[in-house]
Amino acid sequence: MNELDPDAKFRDAEIRAALHAVTSSETFDGANRLRAFLTYVVEESLAGRAKLIRAKRIAEDVYDRPPDIGNEQEALVRVDAGRLRRRLDLYYAEEGRDADIRIVIKPGGYAPSFDIRPQAAPVEPATSVAPGAAPVWLGKRWAGYGLAAAAGAVIMFVISLVGSVDEKPAPMASKDRAKGAETVAAKRQAVFDHSPAALQARSFAAEARELIFPPLDASRLKAAIEICQRVLQIDPGYYGGHACAAHAKAFIAFLTNPSEQRDEILAAARAHADQAVKIAPAQSLTQSARAFVLFVEGDYDRALETSRRAIMLDPADRFSGDFHGMMTVFNGDAPTLLKRPNDAMAPLHPFILSAAHLFSGDYQDAAALVRRAAEIEGSSSALMTAILVAAHQGAGQTADARRHYDKLMAGWPDYDARRSLRRLFRYEKDADLIADLVVSVDAATD
């Protein structure tokens, strides 16, 4: 793959056709905001305004935020950029693996580049349509843009149904993909016919789940809680809204030092989890929410048993699978994740696999995976950076370990590896395995 020179005379219609292929894919099904984000940056780039693409402009033009947005809104744009990179990676690894043109948004910026295969066959250009009323989620400034017909038709169709339902199809062979897509569309249409608001609630809940895992910072979790609350305002009886709130609030409690405030947050999470199970006990999301609340409460064995039940209910549910994997790591059973039947279950996030390899002594693989996780998300966290430091140190790559340790201390100057890790892990020995490696980097310079 060769990166397309920005000055190359490559027809806009062919790039828009590539954009249409991405936004109409199953990988981006229900991800309304990410589709809007991607469409915006591509169109701005084609209009010659790539250098003007900034977080503030995206928040204003795509999210319809006022010009005087604060740091939290810009942080949300950064989070969405990481989510968009991850979705693009998934799309080009599966559905779009044979694409002649690939849209790339590199970490550290928002302007896209376009990778093409040498001697790529011409793509059938999309047909232009007259400008019309833009969907609400494209923002005010987009109201007059004339999108390509293919992209516009898909976007308008998706918006008319407002997102997706929770029942996503499992990864499937090509011959079954069309049937799976028809099933999802039928379920979405059934929910829409029953209540358009209910379908909107499901779409928002899916967006919130993208912010909850992995837990990079508190701003993501707080944003997720706000979205979950909006879901429950739209549809108070929707189990996914309660499960969403339970996961997010339990995570806040998990990362908070013991206090009355932590107890209150955890009690609220428990109430949401109980309500979710009461409404829909046989759903993977509800059992996963209950499991994580139990885990944060310290009832580890029952939490893992409940989480295994969630996986059995829907082996292809990445969200529940990632939570199960995370709890397995913090329960001291990380190496078992490397033996699980991945062909029958959703793939685990690289963040989880990095810890599994670290505890198995595969330090180089652990370092590569945690770097991959940070690249996918477009950001990192104290925990991810600590694992990266430990992995390099364990592999004997002391210079790399020192470099990332300095970044850890610069980004989180008050971070106490041993104390923070012991709060997360069930057993101190597991927390200390990572902490000892991290601390040894600092000790080596004393």
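Predicted model: local features only at pLDDT ≥ 70, side-chain atom pairs only at ≥ 80, totals over all residues.
**Exercise 1. The cavity**

Task: Find how many cavities of 30 Å³ or more the structure holds, then describe the lining of the largest cavity.

Solution: 
- Start with the count. A search of the whole structure returns one cavity of 30 Å³ or more.
- Take its volume next. The largest cavity comes to about 70 Å³.
- List the lining. Met326, Val329, Phe330, Phe351, Ile352, Ala355, Leu383, Ile387, Phe425 and Ile434 line the largest cavity.
- Two or more residues come from each of α13 (318-330), α14 (350-359) and α16 (382-394).
- Ten residues are nonpolar, with no polar and no charged ones.

**Exercise 2. An aromatic pair**

Task: Classify the ring pair Phe292 and Phe323 as stacked, tilted or edge-to-face, and decide whether each residue is buried or exposed.

Solution: 
- A pair of aromatic rings is described by the distance of the centres and the angle of the planes.
- Check the distance. The ring centres of Phe292 and Phe323 lie 4.9 Å apart, and the cut-off for a pair is within 6.5 Å.
- Check the angle. The planes stand at 75°; over 60 degrees counts as edge-to-face. The pair is therefore edge-to-face.
- Place the residues. Phe292 sits in helix α11 (residues 284-297) and Phe323 in helix α13. They are 31 residues apart, so the pair links distant parts of the chain.
- Buried means under 20% relative accessible area. Phe292 has 1% and is buried; Phe323 has 0% and is buried too.
- Widen the view. The structure has 16 aromatic pairs. One aromatic cluster includes Phe292, Phe323, Phe330, Phe351 and Phe425.

Terms used. Residues numbered from 1 in each chain as written. Heavy atoms only, no water. 1 Å grid on protein atoms, 1.4 Å probe; cavity = no way out; pocket = protein on both sides within 12 Å on 5 of 7 lines; lining within 4 Å. Points joined across faces, edges and corners; volume = space filled by probe spheres on them. Helix = DSSP H or I, 4+ residues; strand = E, 2+ residues; numbered from the N terminus. Nonpolar A, V, L, I, M, F, W, Y, C, P; charged D, E, K, R; others polar. Phe/Tyr/Trp six-rings, centres within 6.5 Å; stacked < 30°, edge-to-face > 60°. Buried < 20%, exposed > 50% of the residue type's maximum accessible area, 1.4 Å probe, protein only.
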